[in-house]
Structures are given as structure tokens and as C-alpha cells.
Amino acid sequence: MKTEVSAASSFVTSLLRTTGLLSEHQLEQFSLALEEALGDHYQHHWFPQAPCKGSGYRCIRINHKMDPVIGRAACTVGLTVEQLFSLLPSELTLWVDPYEVSYRIGEDGSICVLYESTPPTPVHSDSTDFVSCKNGLRMGQTSPSESFNIMAVSS
């Protein structure tokens, strides 16, 4: 979890860095505070054996409302929620899952992978392929374990 949380924190920090309005010290403090907040937030919602389980809980969103985890980290460096809104994209989704960290800017933006690693091979494999939560979105599925039957009707 530490690697994924670090990747997510570094990404949000890099978005703040591009504004040029925060000192390196403030950015370091924010990054550390965000890593700690995310680690605490995900502590009981991290399932490496089932990476999609808890994905909604681990999703960080800015969409007309600031994600409270990012807001708390920003407070540690003296940023208000209003300032944070002006510095970060107005619509940002960040998924922090075991083995993958992805983001999307805008509701219709492309999903970009920030970090990806291969899950360890289970001792007793049931020969199912690993499908990340975001791959399910890319393929139009709501869940990699769900299958759909389509019935065509013509008149």
C-alpha cells in the first residue's frame, strides 16, 4: 500500500507544484501529510487479493466538492479549501488500488495510469486473469467479475 499511496500523493503534489505558488517546504509537508492521511484512510480498506474491493472508498474525488482527505492535508500547510480549489483541477478522480494508481481529469477524460505493478501469482491459481478496476471501466464493465447477457429483440 505504501508505494501506491506515495504515487498518489506525489501526483497531487506535482499538480500543486506546477502552480508555482507553494514553497518546496510547503509541498514536502503537504505530500507527507497526504501520504499519512491516505494510509490511515485506507488502513482497513486495502485488499491485495481482491483489488477492486473497496475501490469506491479509496477513490479521491474533486467535483464541485473537495475530497476531505486532500482538504485535511492542505490544512497542514495553511491552505484553505477555496485556495485548493483554485490550484487543483475542478474535476479530478484518483483511484488508489492495490497494484495500480490511476487518474482522470474531467468527467469524460481518459484514464491515465500513474503506477502499475503485477500482483504476485497466487499459490492456488484458479486461472482467472487479473483485471484492474479501471480496466473494467475502460471495457465498459461495472465490475470485472460481472458478466452481461445481451438479448436482441426485433419487431
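Does R72 count as buried, partly exposed or exposed, and at what relative accessibility? Please describe its helix and the surroundings of that helix as well.

Modeller: This is a predicted model, in which local features need pLDDT of at least 70 and side-chain atom pairs count only at pLDDT 80 or more, while totals for chains, interfaces and linings use all residues. Residues are numbered from 1 along each chain as its sequence is written, and side-chain values use heavy atoms, with hydrogens and water left out.

R72 counts as partly exposed, with a relative accessibility of 47%, where buried means under 20% relative accessible area, exposed over 50% and partly exposed in between, with a 1.4 Å probe and protein chains only. R72 belongs to helix α4, which spans residues 68-75; helices (DSSP runs of H or I, at least four residues) and strands (runs of E, at least two) are numbered from the N terminus. The chain contains six helices and four strands, which follow one another from the N terminus in the order α-α-α-β-α-α-β-β-β-α. Of its 155 residues, 39% count as buried.

Within α4 itself, the buried residues include V69, I70, G71, A73 and A74, and the buried residues of this helix pack against α2, β1 (59-63) and α5 (81-87), contact meaning heavy atoms within 4.5 Å. As background, an α-helix has 3.6 residues a turn, so residues three or four places apart point the same way. At the start of α4, the backbone nitrogen of V69 lies within 2.9 Å of a side-chain oxygen of D67.

The packing of α4 on α2 (residues 24-42) can be described through their axes, which come within 8 Å and cross at roughly 140°; such axes are lines fitted to C-alpha atoms, for helices over the stretch in contact, and the angles run from 0 to 180 degrees between N-to-C directions. The two helices are therefore oblique to each other, given that angles under 35 degrees count as roughly parallel, over 145 as roughly antiparallel, 65 to 115 as roughly perpendicular and the rest as oblique. From α2, the residues F30, A33, L34, A37, L38 and H41 meet V69, I70, A73 and A74 of α4. The residues of this contact divide into nine nonpolar, one polar and no charged, where Ala, Val, Leu, Ile, Met, Phe, Trp, Tyr, Cys and Pro count as nonpolar, Asp, Glu, Lys and Arg as charged, and the others, Gly among them, as polar. As for R72, its C-alpha atom is separated by 8.2 Å from that of A33, 39 residues apart along the chain.

Helix α2 also has a contact with α1 (residues 2-17), and here the angle is about 145° with the axes 9 Å apart; α1 passes α2 in a right-handed crossing. Among the residues that make this contact are V5, V12 and L16 of α1 and L27, F30, L34 and L38 of α2. By class, the contact of α1 with α2 comprises nine nonpolar, five polar and four charged residues.

H64 counts as exposed, at 69% relative accessibility, and its phi is near 65°, a positive value in a residue other than glycine. For comparison, most residues other than glycine have a negative phi, and most peptide bonds are trans.

Turning to the strands, T93 sits in β2 (residues 91-97) and is buried, with a relative accessible area of 3%. Leaving aside residues up to four places away in sequence, T93 touches C59, I60, R61, S102, Y103 and R104. The side chains of T93 and R61 are joined by a polar contact of 2.4 Å, a term for a pair of N or O atoms within 3.5 Å of which, within protein, one must be able to donate a hydrogen and the other to accept it, residues adjacent in sequence counting only if both atoms are side-chain atoms.

Note on methods:
Left-handed = near helix turned anticlockwise from the far one by under 90°.
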